[in-house]
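Hi,

Here is the structure I promised to pass on. Have a look at it first, and my notes follow below.

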Amino acid sequence: MNKIKRGLDTTLAWFCVVLFAVLVVDVTWQVFTRVVLNDPSGWSEELAKYLFIWLGLFGSAFVFGERGHIVVDFAAAQLPGAVQHWIGVLMQLVILAFASLVLVYGGYKISALAWDQNLTGLPVNVGWLYTALPISGVLIVFYTVYHLVAILRRAESGIAADAEPDVL
């Protein structure tokens, strides 16, 4: 499972880099056509919006893989180790339920619902763009199960921050 996670981490990181690079080129083109050519591109704004959404969803899946998401663990860090362990298990189960129901199931439903809708500025159906929801949901489910197993085996701690708190 570690080998699969490492491969997925690498693939997802590169996918996010490519999405970001395309987003930068697209927004640069949008600004160039608006300011220099005085003839704004109609499709570039819509593409930038969807690239940003995809980048946010896949980037958040990548962060879940690293357990780098925002966590407020001040109260949990004060509790004994066994309680921290079970809080970690509970949190992973909550994340698993949310990702499964909202992102995977809900994302699939909204993608299927919007499958026949056309975009005005791009030659793509809206459903294709909404597939980022269930795909990122499946990735988050995988990472959550990975971390849940690691917490249950005590290979990872229950709360993400074992180190000292950040000092400003």
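Let me start with F15, which is partly exposed at a relative accessible area of 34% (buried means under 20%, exposed over 50%, partly exposed in between, with a 1.4 Å probe and protein chains only). Before going on, the ground rules: this is a predicted model, where local features need pLDDT of at least 70, side-chain atom pairs count only at pLDDT 80 or more, and totals for chains, interfaces and linings use all residues. Residues are numbered from 1 along each chain as its sequence is written, and side-chain values use heavy atoms, with hydrogens and water left out.

**Aromatic rings**

Searching the whole structure gives six aromatic pairs. Rings of Phe, Tyr and Trp (its six-membered ring) pair if their centres lie within 6.5 Å; planes under 30 degrees apart are stacked, over 60 edge-to-face, and the rest tilted. One of the pairs is F15 with W54: the ring centres are 6.4 Å apart and the planes sit at 55°, so this pair is tilted. F15 belongs to helix α1 (residues 2-36) and W54 to helix α2, so the pair ties together parts 39 residues apart in sequence. (Helices are DSSP runs of H or I, at least four residues, numbered from the N terminus.) W54 is buried, at 17% relative accessibility.

W54 also pairs with F58, with centres 5.3 Å apart and planes at 45°, so that pair is tilted too. These two are four residues apart in helix α2, which means about one helical turn between them. F58 is buried, at 4%.

**Helix packing**

The axes of α4 (residues 81-113) and α6 (residues 132-152) come within 8 Å and cross at roughly 165°. Axes here are lines fitted to C-alpha atoms over the stretch in contact, and angles run from 0 to 180 degrees between N-to-C directions. That makes α4 and α6 roughly antiparallel (over 145 degrees). By class, their contact has 19 nonpolar, eight polar and no charged residues (Asp, Glu, Lys and Arg count as charged; Ala, Val, Leu, Ile, Met, Phe, Trp, Tyr, Cys and Pro as nonpolar; the others, Gly among them, as polar).

Most residues other than glycine have a negative phi. R67, not a glycine, has a positive phi of about 55°; R67 sits in the loop between α2 (42-66) and α3 (74-77) and is buried, at 14%. R154 has a positive phi of about 65°, lies in the segment after α6 and is exposed, at 56%.

Cheers

Conventions. Angles under 35 degrees count as roughly parallel, over 145 as roughly antiparallel, 65 to 115 as roughly perpendicular and the rest as oblique.
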